[in-house]
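This report describes the fold and selected local features of one protein chain.

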Amino acid sequence: MRFLATCNPGTEDVVAREIVEEVDSAKVEEVGEYRGRIVFRSSGEPWLVAEQIYGLRSIHSASLLLAEAEVSPGREGLEEVWRAAYKSGAHLHIPYGATFAVRGERIGEGHSYTSVEIASTVGDAVQRAAEESLGWRPMVRLNSPQVVLHAEVDIFTFRLGVLLTGERSRHRRRYRVYDHPAALKASLAYVMLRLAGARDGDTILDPMCGGGTVAVEAALLFETSRVYCVDLNPRHTRGARLNAESARVGGRVEVYTWDARMLHELLGEDSVDRIVSNPPYGIRLGDPVDVRILYREFMPSAARVLRSGGRAAIITAETKALVAAARSSGLRMAGARRVRHGDLWVDIVVLEKP
Ligand SMILES: C[S@@+](CC[C@H](N)C(=O)[O-])C[C@H]1O[C@@H](n2cnc3c(N)ncnc32)[C@H](O)[C@@H]1O
């Protein structure tokens with residue numbers, strides 16, 4: 001069986017690693033770099049593989065892949081899409097009497113058709129295939145369909161699959177009862193923990209935790225880790241507590257209403273192994289100049305609480321300012337990568353204390 005996983009653009013390699021580690025006999029075949037796409041194969045027991053895919057923390061969706069074909073960017077591309085969808089066997093995945101919908105997506109530029117046209121072309125081909133080979137016509141229902149097909153044209157490649165993970169993106173965790181206005185996607189929190197090299201047993205800190213996404217993900221991932229969750233705003237720390245309790249890790253996430261510029265006074269010197277955080281970007285919240293000042297004032301304290309060899313992964317739209325503040329606090333840059341967060345391209349910067 002082949003599968004298509006979608007994820008946050010820029011995180012594909014980390015997602016591919018999670019797939020290989022967590023899904024029985026998984027082999028990654030294609031990685032759509034910066035397009036948030038991974039195609040993989042597994043020969044494991046279908047029910048077990050489905051359960052393992054459902055447990056992945058870095059993906060946004062997964063589909064059972066039924067067709068993959070090269071298509072043209074011109075209008076003739078729609079006929080090629082129709083033919084590939086007709087032959088795909090997708091109609092066999094719609095039980096008798098069930099409704100279905102096709103969700104279309106177009107990745108890249110220069111196509112002379114829209115994602116809505118891709119979806120309606122696939123819908124038509126699937127209905128025709130069902131009528132001709134099964135003698136009934138499945139009904140399209142856009143709201144709450146019983147079967148959802150995912151159809152995309154990724155530059156010149158058409159892919160069609162049956163959505164396995166439901167329409168709600170997997171980064172929207174069920175445990176989130178408090179929504180911070182600038183919340184991080186939980187899938188990105190997972191990726192940042194991995195990039196920081198976090199392991200079970202590490203002491204992990206998010207010094208500007210908002211609704212606690214990073215802290216909750218860390219506690220869910222690492223059963224024996226001590227997790228600190230700090231924010232200056234008591235409304236957010238209350239929310240972080242609620243989220244941690246709703247995720248059933250309330251007893252393992254220590255939440256403090258405190259200033260990230262004075263972490264050493266709260267936690268002591270050399271007390272944490274990993275800092276993973278999403279400070280204000282300055283684009284969504286407030287003024288970029290203020291954010292630079294915040295970085296300058298927060299970094300020295302972050303460097304003091306970090307143990308030697310410890311790492312920090314910080315997501316930022318102000319990379320230069322962050323790196324300058326980190327360097328002058330004695331941290332060295334261990335890596336950086338561009339990822340998409342909402343409509344922004346931002347960097348995850350990895351820092352290390354020598
Ligand atoms: C982008 S939000 C974090 C969102 C969080 N990752 C989530 O998923 O909910 C940044 C947070 O930094 C906090 N913050 C700003 N300055 C701070 C400071 N000096 N000390 C502690 N927290 C601070 C804000 O209150 C805000 O909640």
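At what angle do helix H3 and helix H4 pack, and how far apart are their axes? In this predicted model, helix H3 (residues 76-87) packs with helix H4 (residues 115-134) at an angle of about 40°, and the two axes are 8 Å apart. The crossing of these helices is right-handed. On the H3 side, the contact is formed by Leu78, Val81, Trp82, Ala85 and Tyr86. H4 contributes Glu117, Ile118, Thr121, Val122, Asp124, Ala125, Arg128, Ala129 and Glu132. Sorted by class, the contact of H3 with H4 has nine nonpolar, one polar and four charged residues.

Serine 72 is located in the loop between strand E4 (59-70) and H3. Is this serine buried or exposed? Serine 72 counts as buried because its relative accessible area is 17%, under the 20% limit. Leaving aside residues up to four places away in sequence, serine 72 touches Gly77, Glu80 and Tyr113.

The chain is divided into domain 1 (2-163) and domain 2 (186-352). Their C-alpha centres lie 35 Å apart. To the contact between them, domain 1 gives 11 residues and domain 2 gives 15 residues.

Helix H6 (residues 213-221) is largely enclosed by the rest of the structure, because seven of its nine residues are buried. The buried residues are Thr213, Val214, Ala215, Val216, Glu217, Ala218 and Ala219. Which elements do these residues pack against? The buried residues of H6 pack against helix H5 (186-195), strand E9 (203-206), strand E10 (226-231), H7, E11 and E12.

By class, the contact of H5 with H6 has seven nonpolar, one polar and two charged residues.

**Salt bridges**

The count of salt bridges in the model comes to 31.

| Arginine 2 | Glutamate 30 | 3.8 Å |

Arginine 261 is partly exposed because its relative accessible area is 31%, whereas aspartate 259, at 15% relative accessibility, counts as buried. Elsewhere, salt bridges that share partners join Arg2, Glu29, Glu30, Arg35, Arg37, Arg41, Glu68, Glu105, Glu152, Asp154 and Arg159 into one network.

Glutamate 30 and arginine 2 form a salt bridge at 3.8 Å. This pair links distant parts of the chain, with glutamate 30 in strand E2 (residues 27-32) and arginine 2 in strand E1 (residues 2-7), 28 residues apart. Glutamate 30 has 30% relative accessibility and therefore counts as partly exposed.

**Loop residues with positive phi**

Where does arginine 248 lie? Arginine 248 is in the loop between helix H7 (234-246) and strand E11 (253-257). Although not a glycine, arginine 248 has a positive phi of about 65°. With 79% relative accessibility, arginine 248 counts as exposed, because exposed residues have over 50%.

Aspartate 270 is found in the loop between helix H8 (263-267) and strand E12 (272-277). Phi of aspartate 270 is near 45°, a positive value in a residue other than glycine. Aspartate 270 is partly exposed, since its relative accessible area is 42%.

Notes
Residues numbered from 1 in each chain as written. Predicted model: local features only at pLDDT ≥ 70, side-chain atom pairs only at ≥ 80, totals over all residues. Heavy atoms only, no water. Salt bridge = Lys/Arg side-chain N within 4 Å of Asp/Glu carboxyl O. Helix = DSSP H or I, 4+ residues; strand = E, 2+ residues; numbered from the N terminus. Buried < 20%, exposed > 50% of the residue type's maximum accessible area, 1.4 Å probe, protein only. Axes fitted to C-alpha atoms, helices over the stretch in contact; angles between N-to-C directions. Left-handed = near helix turned anticlockwise from the far one by under 90°. Contact = heavy atoms within 4.5 Å. Nonpolar A, V, L, I, M, F, W, Y, C, P; charged D, E, K, R; others polar. Domains from an automatic or database assignment.
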